[in-house]
Amino acid sequence: MDLEKHPQKPVAPTEPAGIRASDADRDRIADILKEALAEGRLDAEEHGERVDAAYRAKTVGELEPLVRDLPAAGGAPRPAPAPGGEGYGYGPEDAAPAENLVAVFSSTTRKGRWRIGPRTNAFTLFGNVEIDLTEALFGQRRTVINATSIFGNVEVRVPENISLRGNGTGVFGNFEVKTLEAADPDAPVVVVNGLSVFGNVEAKPKRGKLIADLHDRLRKHLER
């Protein structure tokens, strides 16, 4: 028997391109594309096509080519660090998948009594997206809405007794968030981030609309 030691072949690492993409991966790519559009590296049509492809991508390998020719696109995308959660015992914001609302030459509306998740992505190209949170059920304290409007319109309406904050840019367009601070420090917080190019992103409270059972909901979540 040959007892000589033979060097073992190194085990090939798992190919990152085949890893399933997470919502954080898709959001990271969307952020790079947003910056490229604002800097003039992409035109509106290219940006719209790439963002749509990003949110439809299933693997990391499908995401990487979308930003390969752009700054900050070195190598395969890695998951973004989870932000500090302020939930009611639900854990980090990245724990739940994002809801994607897309309107291309069309209209998309989310309203009524529905459960809003920790993160929602709204994208419109020559279309309209309406997000009405006045009757929504909040399962976490901090809710983030990432809105991108190209020759379109994204409207966000919230109850008057929650906090509303935002950060975004308008390029030949309008980005407007009417900041609102709730009297109750434990009230839900909605953060609207985004970019408007020849379009409109607007978020503001809807007059007369309140979360009637806010304190009951907060108590139930805090008791979990």
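Visitor: Over how many bridges do strand E10 and E12 pair?
Guide: The model is a predicted one. Strand E10 covers residues 174-177 and pairs with E12 in the parallel sense. Within this pairing, phenylalanine 175 stands opposite valine 201 in E12. The E10 and E12 pairing runs over 4 bridges.

Visitor: Which strand is joined to E12 by 6 bridges?
Guide: The two strands run parallel. One of the partner pairs is glutamate 155 with glutamate 202 in E12. The strand joined to E12 by 6 bridges spans residues 153-158 and is E8.

Visitor: How many of the 6 residues of strand E12 are buried?
Guide: Strand E12 spans residues 200-205 and is mostly covered. Glutamate 202 is buried. For strand E12, the buried count out of 6 residues is 5.

Visitor: Which residue forms a salt bridge with arginine 157?
Guide: The closest N and O atoms of the pair are 2.8 Å apart. Arginine 157 lies in strand E8 and its partner in strand E12, so the pair ties together parts that are 45 residues apart in sequence. The salt bridge partner of arginine 157 is glutamate 202.

Visitor: Are arginine 157 and glutamate 202 buried or exposed?
Guide: Buried means under 20% relative accessible area, exposed over 50%. Both residues fall in one class: arginine 157 is buried, and glutamate 202 is also buried.

Visitor: Which residues do salt bridges that share partners join into one network?
Guide: Arginine 157 and glutamate 202 form a salt bridge. Salt bridges that share partners give one network, made up of Glu155, Arg157 and Glu202.

Visitor: How many salt bridges does a search of the whole structure find?
Guide: Arginine 50 and aspartate 69 form a salt bridge through their side chains, at 3.0 Å from N to O. That pair links distant parts of the chain, with arginine 50 in helix H2 and aspartate 69 in the loop between H3 and E1, 19 residues apart. For the whole structure, the number of salt bridges found is 8.

Visitor: What is the relative accessibility of arginine 50?
Guide: The buried class lies under 20%. Aspartate 69, its salt bridge partner, counts as exposed at 53%. Arginine 50 counts as buried, with a relative accessibility of 16%.

Visitor: How far apart are the closest N and O atoms of glutamate 99 and arginine 110?
Guide: Glutamate 99 and arginine 110 form a salt bridge. Glutamate 99 is in strand E1 and arginine 110 in strand E2, so this pair ties together parts that are 11 residues apart in sequence. Glutamate 99 is partly exposed at 24%, and arginine 110 is partly exposed at 27%. The closest N and O atoms of the pair are apart by 2.6 Å.

Visitor: Which are the edge strands of the open sheet of 5 strands?
Guide: The sheet has the order E1-E4-E7-E11-E9, with parallel pairing. An edge strand pairs on one side only. The edge strands, at 99-104 and 163-171, are E1 and E9.

Visitor: What does the twist of the open sheet average from one strand to the next?
Guide: The open sheet has 5 strands. From one strand to the next, the twist averages 10°.

Visitor: What is the bridge partner of threonine 120 in E7?
Guide: Strand E4 holds residues 119-125, and strand E7 holds residues 142-150. The two strands run parallel and are joined by 7 bridges. In E7, threonine 120 has as its bridge partner isoleucine 145.

Visitor: Within what arc do the buried residues of H3 fall?
Guide: The buried residues of helix H3 (residues 60-67) are Val60, Leu63, Glu64, Leu66 and Val67. Seen down the axis of H3, they line one face of the helix, because they fall within an arc of 155°.

Visitor: Which helices are among the elements that cover the buried residues of H3?
Guide: Leu63 and Leu66 are among the buried residues of H3. What covers the buried residues of H3 includes the helices at 23-38 and 44-56, H1 and H2.

Visitor: What is the phi of phenylalanine 105 near?
Guide: Most residues other than glycine have a negative phi. Phenylalanine 105 lies in the loop between E1 and strand E2. Phenylalanine 105 counts as exposed at 62% relative accessibility. Its phi is positive, near 55°.

Visitor: Where does phenylalanine 126 lie?
Guide: Phenylalanine 126 has a positive phi of about 55°, although it is not a glycine. With a relative accessible area of 42%, phenylalanine 126 is partly exposed. Its place is in the loop between E4 and strand E5.

Definitions and conventions:
Residues numbered from 1 in each chain as written. Predicted model: local features only at pLDDT ≥ 70, side-chain atom pairs only at ≥ 80, totals over all residues. Heavy atoms only, no water. Pairing = 2+ DSSP bridges. Axes fitted to C-alpha atoms, helices over the stretch in contact; angles between N-to-C directions. Buried < 20%, exposed > 50% of the residue type's maximum accessible area, 1.4 Å probe, protein only. Arc of directions from axis to C-beta. Contact = heavy atoms within 4.5 Å. Salt bridge = Lys/Arg side-chain N within 4 Å of Asp/Glu carboxyl O.
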